[in-house]
Amino acid sequence: MAPRKEITGSGSKSRILKFLLSNMGRVVNKDEIRRASGNASEWARRLRELRDEHGYQILSHKDRRELKPGQYILETDKRLPALPRSISKETRAWVLERNGYTCQMCGSAAGDADPFHPGQKIRLAMGHIIDKSKGGKDTPENLRAVCTNCNEGLQNTAPPKPDRIELLKQVRRATIEDQLHLLGWLETKFQKIRPGKK
Ligand SMILES: [Zn+2]
């Protein structure tokens, strides 16, 4: 178990925590949290850190059906032991770039509209190619980008990879605008993987 980090100072994180603790048991919304943080642009990240790194049980609509997106509740000041963060930020960034910020199971890209959660965007997580329970490691080679829907098993099957000829046919039939969009996406993807190669 990783030791829990203590929160000190008067930064946006401790301001959010103070606000949540003084409103324990009450549903609060994101505007209140942002205000409490001193209108910090990174208030959502700080909130996640309080939950993931400091163990505060801040519940959202993902935990409670009765909460709407943007609503949160802290029901207890009891903290869970923080989960050790075994995948470094660098590894995560590298894997995301290698995979072109695209889910390797269903092909959704970060920021696409989420078909399972109307009004939300696709978010990518780190998935293990060989599961950790089967001895898979947190190494870049064993990691791939998967969307949270595939990660949570909301989509049972990954569609088969498109056949090359069919794929090219589709691309040729697409509008020039879409072809250019694809070109831009490919350029960005391969620039990051193979810097210097033209
Ligand atoms: Zn997916």
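## Close-up views of a zinc site and its surroundings

**View 1. Four donor atoms sit around the zinc ion in a tetrahedral arrangement, because the angles they subtend run from 104 to 114°.** Four donors count as tetrahedral if all angles lie between 85 and 135 degrees. For comparison, the ideal angle for four tetrahedral donors is 109.5 degrees. The zinc ion is coordinated by the SG atoms of Cys 103, Cys 106, Cys 147 and Cys 150, at 2.3 to 2.4 Å. Donors here are N, O and S atoms within 2.8 Å of the metal (3.2 Å for Na, K and Ca), and water is not among the atoms, so sites may look incomplete. This is a predicted model, in which local features need pLDDT of at least 70 and side-chain atom pairs count only at pLDDT 80 or more, while totals for chains, interfaces and linings use all residues. Residues are numbered from 1 along each chain as its sequence is written, and side-chain values use heavy atoms, leaving out hydrogens and water.

**View 2. The zinc donors follow the spacing C-x2-C-x40-C-x2-C along the chain.** Take Cys 106 and Cys 150: this pair links distant parts of the chain, 44 residues apart. Cys 106 lies in the loop between α4 (89–98) and β4 (124–128), and Cys 150 lies in helix α5 (residues 148–151). Helices (H or I, at least four residues) and strands (E, at least two) are DSSP runs, numbered from the N terminus. Are these two cysteines buried or exposed? Cys 106 counts as partly exposed because its relative accessibility is 24%, whereas Cys 150 is buried at 9%. Buried means under 20% relative accessible area, exposed over 50%, and partly exposed in between (1.4 Å probe, protein chains only).

**View 3. Strand β4 pairs with strand β5 (residues 143–147) in the antiparallel sense, over 5 bridges.** Two strands pair if DSSP finds at least two bridges between them. Look for Ala 125, which stands opposite Val 146 in β5. In β4, 4 of the 5 residues are buried, so the strand is largely enclosed by the rest of the structure.

**View 4. The chain as a whole has 7 helices and 5 strands.** Read along the sequence, they give the pattern α-β-α-α-β-β-α-β-β-α-α-α. Of the 198 residues in the chain, 31% are buried. How many disulfides are there? The count is 0, with a disulfide being a pair of cysteine sulfur atoms within 2.5 Å.

How values were computed. Tetrahedral: all angles 85-135°; square planar, octahedral: opposite > 155°, others 65-115°.
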